[in-house]
Amino acid sequence: MDAESLLLSLELASGSGQGLSPDRRASLLTSLTLVKRDYRYDRVLFWGRILGLVADYYIAQGLSEDQLAPRKTLYSLNCMEWSLLPPATEEMVVQTSVLKGRFMGDPSHEYEHTELQKMSEGEKVFEEEVVVQIKEETRLVSVIDQIDKAVAVIPRGALFKTPFGPIHVNRTFEGLSLSEAKKLSSYFHFKEPVELKNKTLLEKADLDPSLDFMDPLEHDIPKGSWSIQMERGNALVVLRSLLWPGLTFFHAPRTKNYGYIYVGTGEKNIDLPFML
Amino acid sequence: MGDPSPDPEPQPQQPSSRRSSQVPQRRSRELSLPQPSISEEVPQTPFDGPAMQSSQGILASQTNLQDWSSGPPLTAQENLAMYPTEEAQLGGVEYPSLNMGFPSELQPQPYLEEGGMQASRNVSLMLQQLQQGQGSLFQQLDSTYLETQPDYLGQFNMYQGEDLQFDQGVPHGPYMRDDPTLQYSPSELGFMPFSAEVPEPEPRELAVQNAKAYLLQTSAGCSLSLYEHLVNLLTKILNQRPEDPLSILESLNRTTQREWFHPKLDTMRDDPELEPTYEMAERQKGLFLRSSAGGEGEQEMEEEVAETAVPNIMETAFYFEQAGVGLSSDESFRIFMALKQLVEQQPIHTCRFWGKILGLSRNYLVAEVEFREGEEEGEEEEVEEMMEGGEGLDPHGEEEGEEDEEKVTDVIPKPMWRPPPIVPKEESRSGTNKYLYFVCNEPGRPWTRLPHVTPLQIVQARKIKKFFTGYLDAPIVSFPPFPGNEANYLRAQIARISAATHISPLGFYQFSEEEGDEEEEGGAGRDSYEENPDFEGIPVLELVDSMANWVHHTQHILPQGRCTWVNPLQKLEEEEELGEEEEKADEGVEEVEQEVGPPLLTPLSEDAEIMHISPWTARLSCSLCPQYSVAVVRSNLWPGAYAYASGKKFENLYIGWGHKYSPENFNPPLPAPIQHEYPSSPDVMEMSDPTVEEEQALKAAQEQALAAAEEEEEDEEEDEDEDLDD
């Protein structure tokens, strides 16, 4: 959610039951403004909160002019002091995929994971158990990246693409209409499109290239991994991801208010196919 | 501005055809007129753009130029009115090219073409049009092209009469030759260059007028002209003054167009899309209105100020908000009003907001309720009676079946399998059914009561993991099959969550002063508690430090599915009396062990860990001001379960999906192993069925035997006949 409309967004997203306490809210309002100034971001988003056993991580993201450029992620333990996280790489994701369980809450905590690695000594090749240490910070980075790639949502029309390439916020976005708001096809993944080029020409003919340049949520696998609900009697549309429980996207139709927030344990719900 | 381009194409067909009939006449008339009159020009008058809805505007300008008094019939009468009757002489009149009349498809039209370069201009124009391949004009262009070549005056016969204007200005051509703008081909010229270079004011006014007339052409599919659209667009921009309008020009354009075609509905008509919103708002309005009429207002006030069963939701919400948990304050208030409505409708003794369970289509708001003493739940009794009646029928069925079977020679062996004994459910107001639960989907909707939970449902609920859809009558499709629908599953989950996560500070509740409870059969321990009037409150820091300061105040659910253990086999023996003939399958009676769970009011420090993680996380709500903080405890086993305590107050809340946390993946139970086949005994022997060949062989053999028997008979008859004959 946009740091500028933080209070309103938190209120709209409160249907999932997780929010922020007043002291955190106040600290965020102050500190995010400072972050924007210090790092020269165009827009700062409050991404959410990852619940750890000892402490919680508060995550923010900074965007540059081009909305789809890789975002910079910052974390904080007290909503006041923010530290920049390194960008996520493929190896990080692979490395941390073996880690399970809750986050500790201490960024310097190291997970120990025993692996069987083939070691060769001379001519002998044997497997040895190697204890690999993975830092929690790495895990944090890769989890945030996975969540972003999988379930960060933006409504159709909120961003538009100019012929020169960069993607801008659409200042004439008036919100989705009620009928559009109930359909999953009006929401896009907030990341570089992956499925778009696989579409047939017939499908592409109906798309507007300045608005439809991201993947819609409609064809997500598994089908039904999004729960779409109207709250407050049709005045608010709430999308909740079932794959990463804790991610809530809200949008008030016919207004400009929209945003998403993740408040959860940072674990994927692998049991989803059994639960539907 | 690609959009209007296809539209004007059909348009000019008609006017041009009209023009074609009218124009030649006029042209011939014009020829006879002396030059000065031809060179009249109507001075610029600012006429209203929107009023000029037809392309006749261009026609009007032309006719006004040539022979205003001849007044050709125009469809748009107001055009005549627009033009004042003044006639001004043009000095060196340069007629701007009025190409835009007929080639309206060609967007950047050089209306400012001067008459001087007529021939070359027209040729280049034709060429350009030819290049652009405007099909509709092609034939026309061809004809005009051919005609223009040899003869200037021949242009008068063209139905695209506008071109004729320039020809009359031929003598004045030299003036314009020096104009650098004329060097360019028509397509490169925009509107602007003309205005900078024109030596004479009048032609410029004429040009502007013509340009405006062109812009006022309406597009084919609608009555909107480009001029009007641009006016709307610019008005919108000037009114709203957005920042950096150039970057959002396309969106503004699109929005303006859309607004024209989709105007706001009448204020008298309802917007169909917003119907459900208004409906919901109406329903919620009912919550807020007081039910009583004015006269009884005072009495009601007094009653309400006294003790009411409705809890102070707002206070609880405030404390939970300090912890960063809970719904927004207006949502909490609406829940409060809904609970108040519930209390008024049902005979409720105590009520508590249990929490919110999220579902796929809708959510559930759950209220935990205790009925007043003596208020029996009528529904439950009826259901029980039905069940007992059902059970009574079965034994009869069995007896009849037995009689029938005895008559049949082959006795079908009785299956050895017996359904496992049903553990009886707990009584109301005890164990898992201590409280009644009401659910509703949204505040304002009616509350529905959930049925009591049976131990079997709890046992099965432990084995499955399903999302709630939000509809109470939705079936639960799962393996192992869940005995019930979503309402039962919901109730089972609520029971499990309550048993696991309802906690209170140590000392808030104490056991009532009764002894001898421990001697009860089953050793279930005490199952009742009462508030401790001497509770002093535990300092928040201590509450956060040690889990021993919190206790469970709900009973643990045993693996059997109940809170107090019941030996299922005892019941079974009672039922056995009906069917004594049946073998007693439990000769080797399975010794069922008594199940024991932790007693009531066990501290949290005794809770089992989940993979080396403590099942509870305790925090101060605000680390910046510990003196006013609230102690918050979060369950790691049931994500979404929270409890807070501060001073003498405490409360539990659950907001979540309703599932337990498990570090491993969910593994559904495998199907049961295949049952053994019935062992062969002299009574029942298994044989293989004869194959088709064997059957056919048998049939053939039988037929042969029959045939042989018949032959013998015939032979005998013959013999007899022969004997007779003899």
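Which residues gather in a patch of negative charge on the surface?

Modeller: The model is predicted. The patch of negative charge on the surface gathers B:Glu710, B:Glu711, B:Glu712, B:Glu713, B:Glu714, B:Asp715, B:Glu716, B:Glu717, B:Glu718, B:Asp719 and B:Glu720. One of these, B:Asp715, belongs to helix α22 of chain B, which covers residues 692-725. With a relative accessible area of 41%, B:Asp715 is partly exposed.

Side chains of opposite charge can pair when their charged atoms come close. Over all chains, the structure holds 18 salt bridges. Among them is the contact between the side chains of A:Asp56 and A:Arg49, at 3.6 Å from N to O. Both A:Asp56 and A:Arg49 are buried. A:Asp56 also forms a salt bridge with B:Arg634, where the closest N and O atoms are 3.6 Å apart. Since A:Asp56 sits in the loop between β1 (43-50) and β2 (57-63) of chain A, while B:Arg634 is in strand β12 (residues 631-635) of chain B, this pair joins two chains. A:Asp56 counts as buried at 6% relative accessibility, and B:Arg634 counts as buried at 8%. A network of salt bridges links A:Arg49, A:Asp56, B:Arg619 and B:Arg634.

A further salt bridge lies within chain A, where the side chains of A:Arg156 and A:Asp212 meet at 2.7 Å, N to O. A:Arg156 is in the loop between β7 (153-155) and β8 (159-161) of chain A, and A:Asp212 is in the loop between α6 (201-205) and β11 of chain A, so the pair ties together parts that are 56 residues apart in sequence. A:Arg156 is partly exposed, its relative accessible area being 28%, whereas A:Asp212 is buried at 8%.

Strands of a sheet pair through backbone hydrogen bonds, either parallel or antiparallel. In chain B, eight strands make up an open sheet with mixed pairing, in the order β6-β5-β4-β3-β14-β13-β12-β11. The edges of this sheet are β6 (448-449) and β11 (616-620) of chain B; each has a single partner strand, so one side of each is left without a neighbour in the sheet.

B:Val633 has B:Ala643 in β13(B) as its bridge partner. The hairpin of β12(B) and β13(B) has five residues between the strands, and B:Gly640 takes a positive phi near 120 degrees in it. On to the next pair: β13(B) and strand β14 (residues 649-656) of chain B pair in the antiparallel sense, over six bridges. The bridge partner of B:Tyr644 in β14(B) is B:Glu651. Two residues lie between the strands in the hairpin of β13(B) and β14(B), where B:Gly647 has a positive phi near 65 degrees.

Strand β13 (residues 641-646) of chain B is mostly covered, with six of its six residues buried. In a regular strand the side chains alternate between the two faces of the sheet. In β13(B) both faces are covered: B:Ala641, B:Ala643 and B:Ala645 are buried on one side, as are B:Tyr642, B:Tyr644 and B:Ser646 on the other.

Chain A also contains an antiparallel pair. Strand β11 (residues 226-231) and strand β12 (residues 236-241) of chain A pair in this sense over six bridges. A:Ser227 stands opposite A:Arg240 in β12(A). The two strands form a hairpin with four residues between them, and A:Arg232 in the turn has a positive phi of about 55 degrees.

Elsewhere in chain A, A:Tyr262 is found in strand β14 (residues 258-264). A:Tyr262 is buried, with a relative accessible area of 0%. A:Tyr262 and A:Gln18 are separated by 244 residues in sequence and lie 9.3 Å apart in space, C-alpha to C-alpha.

How values were computed. Residues numbered from 1 in each chain as written. Chains lettered and ligands numbered in written order. Predicted model: local features only at pLDDT ≥ 70, side-chain atom pairs only at ≥ 80, totals over all residues. Heavy atoms only, no water. Patch = residues over 30% accessible without salt bridge, like charges linked within 9 Å, V, L, I, M, F, W, Y side chains within 5 Å. Areas by Shrake-Rupley, 256 points an atom, 1.4 Å probe, with all protein chains shown as cover. Salt bridge = Lys/Arg side-chain N within 4 Å of Asp/Glu carboxyl O. Lys, Arg positive; Asp, Glu negative; His and termini not counted. Charge placed at Lys NZ, Arg CZ, Asp CG, Glu CD. Buried < 20%, exposed > 50% of the residue type's maximum accessible area, 1.4 Å probe, protein only. Pairing = 2+ DSSP bridges.
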